[in-house]
Amino acid sequence: MFSQVQAPEATLEAMGTPTPQQSALLKVTMEGRKLEYPARYSQEKLFGLYLVKWHLDTALEILGML
């Protein structure tokens, strides 16, 4: 099972942490504010990646509990 968990962990590490600008954009997004197009495309893409990272992190925490 350990080897099966290594690939998602590597992916999570490769995603890194958001820059201060990205963190600010994520905060604005979570508050429900939207940017004007075309910047909204980048906003939605960043938020989607953040959600993937959050879900992956949650899944790894659950697997660690087993």
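Is Q43 buried or exposed? In this predicted model, in which local features need pLDDT of at least 70, side-chain atom pairs count only at pLDDT 80 or more, and totals for chains, interfaces and linings use all residues, residues are numbered from 1 along each chain as its sequence is written. Side-chain values use heavy atoms, with hydrogens and water left out.

Q43 has a relative accessibility of 1% and therefore counts as buried (buried means under 20% relative accessible area, exposed over 50%, and partly exposed in between, with a 1.4 Å probe and protein chains only). Q43 is part of helix α3 (helices, H or I, of at least four residues and strands, E, of at least two are DSSP runs numbered from the N terminus). A polar atom of the Q43 side chain is found 2.9 Å from the backbone nitrogen of L35. When neighbours within four places in sequence are set aside, Q43 is in contact with L25, V28, T29, R33, K34 and L35 (contact means heavy atoms within 4.5 Å).

R33, one of the residues in contact with Q43, also forms a salt bridge with E31, in which the closest N and O atoms are 2.5 Å apart. A salt bridge is defined as a side-chain nitrogen of Lys or Arg within 4 Å of a carboxyl oxygen of Asp or Glu, and by this rule the count comes to one. R33 is partly exposed at 47% relative accessibility, and E31 is partly exposed with a relative accessible area of 44%.

Aromatic side chains were examined next. The structure holds two aromatic pairs (rings of Phe, Tyr and Trp, the last by its six-membered ring, pair if their centres lie within 6.5 Å; planes under 30 degrees apart count as stacked, over 60 as edge-to-face and the rest as tilted). Y37 and Y41 form a tilted pair, with 5.1 Å from centre to centre and 50° between the planes. Y37 is partly exposed, at a relative accessible area of 49%, whereas Y41 counts as exposed at 54%. F47 and Y50 form a stacked pair, with 6.2 Å from centre to centre and 25° between the planes. These two residues are separated by about one helical turn because they lie three residues apart in helix α3 (residues 39-65). F47 counts as partly exposed at 23% relative accessibility, and Y50 is partly exposed with a relative accessible area of 30%.

Key:
Polar contact = N/O pair within 3.5 Å; in protein donor to acceptor, adjacent residues only side chain to side chain.
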